Amino acid sequence: MSAFTKKPVTIEAVQFRLGEIPGDAMIHEGIVAGRLVFVEDGSCQITTTEGTMTARDGDWIIRGVEGEFYPCRDSVFQATYTIASRSADSSGDPALSRNEADAIVEKSTAPRVTLDAIKAKIGDVEYFRSGVLTICIITMRNGFTFVGKSACASPENYDQAAGERYAYDDAVRQIWAFEAYLLRETLSAVAASLRGQDNAVEAPSASQDLRSRGEPRVPPAA
């Protein structure tokens with residue numbers, strides 16, 4: 001049997017909650033077309049190409065590439081789909097919330113910079129205040145320092161604890177860039193080393209190649 005990879009397809013979907021009719025344009029079109037019927041027990045009956053199927057609490061109602069509707073269990077949906085990215089050239093607010101973006105990153109298995117890894121390298125943290133300006137100085141275990149700042153436009157809004165939080169985050173963002181550079185350097189060096197090993201295995205020296213074919217070795221020039 002041959003192996004096949006499913007083509008990437010972008011679909012529309014909305015999660016169904018028992019007893020609720022989602023205020024979604026996709027759902028409205030399905031109701032108008034007579035393909036989605038909400039029944040007394042709170043479920044949703046969906047007319048599909050394979051017959052009538054039921055969407056229950058937590059299921060997703062999907063509209064496919066040909067406009068067809070069908071239900072999908074949440075566990076299957078989460079394992080199969082992720083939120084679609086915007087086009088390369090776009091405008092407006094990000095497609096994902098910060099929490100949604102963090103959830104995607106947390107599933108990454110390749111080497112990456114993490115907040116825990118950064119905190120493990122921090123030796124000392126100090127805060128200073130000048131009016132509505134809060135300064136955070138983070139000293140790493142190796143002695144290198146990063147300075148983060150935070151200020152508010154209206155003095156009435158100033159809160160020292162909030163200012164320290166924002167100043168700390170500002171300093172950590174700077175550390176993140178340095179750590180990302182160091183990780184990229186390490187990964188690049190490892191990749192280069194592996195390429196060198198591959199070349200050594202796949203490309204024997206000219207003298208080895210001649211000997212393997214029984215040809216006379218050419219002496220080096222005097």
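**Salt bridges**

Modeller: Start with Asp57. Asp57 is partly exposed, at 45% relative accessibility. Keep in mind that this is a predicted model.

Colleague: Which side chain does Asp57 meet in a salt bridge?
Modeller: Arg17, at 4.0 Å, N to O. Arg17 sits in the loop between strand 1 and helix 1, and Asp57 in the loop between strand 4 and strand 5. They are 40 residues apart.

Colleague: Is Arg17 buried, partly exposed or exposed?
Modeller: Partly exposed, with 38% relative accessibility for Arg17.

Colleague: How many salt bridges does the structure hold?
Modeller: The structure holds 8. One of them pairs Arg63 with Glu12, at 2.4 Å, N to O.

Colleague: Where do Arg63 and Glu12 lie?
Modeller: Arg63 is in strand 5, residues 60–63, and Glu12 is in strand 1, residues 12–15. So the pair ties together parts that are 51 residues apart in sequence.

Colleague: And burial?
Modeller: Arg63 is buried, because its relative accessible area is 15% and the cut-off for buried is under 20%. Glu12 is partly exposed, at 40%.

Colleague: Switching to helix 3. What do Arg98 and Asp102 do?
Modeller: Their side chains meet in a salt bridge at 3.1 Å, N to O. Arg98 and Asp102 are 4 residues apart in helix 3, so about one helical turn separates them. Arg98 is exposed, at 64% relative accessibility. Asp102 is partly exposed, at 31%.

Colleague: Which residues do shared partners join into one network?
Modeller: Glu12, Glu29 and Arg63.

Conventions: Residues numbered from 1 in each chain as written. Predicted model: local features only at pLDDT ≥ 70, side-chain atom pairs only at ≥ 80, totals over all residues. Heavy atoms only, no water. Helix = DSSP H or I, 4+ residues; strand = E, 2+ residues; numbered from the N terminus. Buried < 20%, exposed > 50% of the residue type's maximum accessible area, 1.4 Å probe, protein only.
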